[in-house]
Amino acid sequence: HAVIFSGIQPTGTPHLGNYLGAMRQWKRLQDIAGDEDKLLFSIVDLHAITMPQDAEALRTRRREMLAALLAIGLDPEKSTLFYQSSVMQHTELMWILSCTASMGYLSRMTQYKSKLMATNKAGDLDEEITSRLKLGLFSYPVLQAADILVHRATHVPVGDDQKQHLEFARECVTNFNHTYNQKLLVSPETLTAPSPRVMSLRDPYQKMSKSSPNERSRILITSTPTEIRQRIMGAVTDSINMITYEREDRPGVANLIELIVQCSSEPTTPENVADSFLGANLGDLKAYCAEAVVLELDGIRERFTKLLERQGGKYLDDIEAAGAEIARQNAEETMRLFSVTHVKENVY
Ligand code: AQP
């Protein structure tokens, strides 16, 4: 039986990249899962604090993320939804994994480097790089590995940008099992979304991201149709006013074509979409893309708003409390394995 686990940071309202790369995939898995399969989706608030956060705002965003997951169709009867910080076994296992994880491997991860660059841009240039780099930002792939392994996940559906971290999670399993000569941890498989990485609408060389300071770089799953149209019509492409699909040379145009493919009701390919725009111009492509995205996100905004208001937030809090209870029990089962097989005595 499959155990499906994935997480999302409560760092802002999810955007089209989060939706196509991860959340829509979660909903599809939920819809095909059998009774014996387990699905767990965590709002990973402990990951969010690798960057400075305002506590009150973070609590609000956590709840908004839960509302967003329900609004796109996750069903708490079928999927366990919970905040990472509600299940302390995640951090307990993280420490145990940290003691066998390789510093060299971690230092080759690219994501902390890009966050570091973002810190630079904010003007914090005075200190040495190593003092700006916080330990949590460096080691958070270990927490991510613990998130997955503590639930004995067999499959982890993530966007294309997370492949490297999943490889690291498997490396953690190998290191741990080798050091303690035990096969306690399950090596998870990556389920990559069929969609390529969704790129920023202002800079097609960057991925679309919640934390980019430029709001016009992204479309939120709660954007209004007017906002969606404005952002797509204003997307940075290039000055060749014809439609071709060339990922390397025309990334801005390719991003719009790929969005059309993802939002199309019939299966299609980027090449087919490009062919169907033969003789058309970039304005035509953008207008078509905007309507496809408006249709894809139709209804989410309304459901999201209603869910946030329902019983003054109590409805969402109750769903989280119930999800956290199930997740805690599941994680405890893993942590019990450690003491049953005496690994705990070997470790501390
Ligand atoms: N641009 C993207 N295209 C496809 N998939 C994406 N994901 C994120 N951005 C894209 C996928 O969304 C899931 C949840 O991501 P996350 O919020 O946990 O962290 P992230 O990858 O760091 O996402 P953001 O939006 O860039 O957030 P910030 O700016 O806060 O760091 C993951 O499965 C990811 O693959």
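User: What makes V253 and the other listed residues of α11 count as buried?

Analyst: In this predicted model, a residue is buried if 20 or more other C-beta atoms lie within 10 Å of its own. In α11, V253, A254, N255, L256, I257, E258, L259, I260, V261 and Q262 are buried.

User: Why is α11 described as largely enclosed by the rest of the structure?

Analyst: Of its 13 residues, 10 are buried, so α11 is largely enclosed. Its buried residues pack against α1, α12 (270–276) and α13.

User: How do you know that the reach of α13 is close to the one expected?

Analyst: The expected span is 1.5 Å times one less than the number of residues. Helix α13 (residues 282–296) has 15 residues, and 21 Å is expected; from first C-alpha to last, α13 reaches 21 Å.

User: Why are the buried residues of α13 said to line one face of the helix?

Analyst: These residues are L282, L285, C289, A290, A292 and V293. Seen down the axis of α13, they fall within an arc of 165 degrees, so they line one face. On the other side, G283 and D284 are exposed. The buried residues of α13 pack against α1 (16–32), α10 (225–233) and α11 (251–263).

User: What makes residues of α10 and α13 count as meeting?

Analyst: Two residues are in contact if their C-beta atoms lie within 7 Å. P225, I228, R229, I232 and M233 in α10 meet K286, C289, A290, V293 and V294 in α13. The residues of this contact divide into eight nonpolar, no polar and two charged. The axes of α10 and α13 come within 9 Å and cross at roughly 145 degrees.

Conventions: Residues are numbered from 1 along each chain as its sequence is written. This is a predicted model: local features need pLDDT of at least 70, side-chain atom pairs count only at pLDDT 80 or more; totals for chains, interfaces and linings use all residues. Helices (H or I, at least four residues) and strands (E, at least two) are DSSP runs, numbered from the N terminus. A residue is buried if 20 or more other C-beta atoms lie within 10 Å of its own, exposed if 12 or fewer, and partly exposed in between; C-beta atoms are placed from the backbone. The arc is that of the directions from the helix axis to the C-beta atoms. Axes are lines fitted to C-alpha atoms, for helices over the stretch in contact, and angles run from 0 to 180 degrees between N-to-C directions. Ala, Val, Leu, Ile, Met, Phe, Trp, Tyr, Cys and Pro count as nonpolar, Asp, Glu, Lys and Arg as charged, and the others, Gly among them, as polar.
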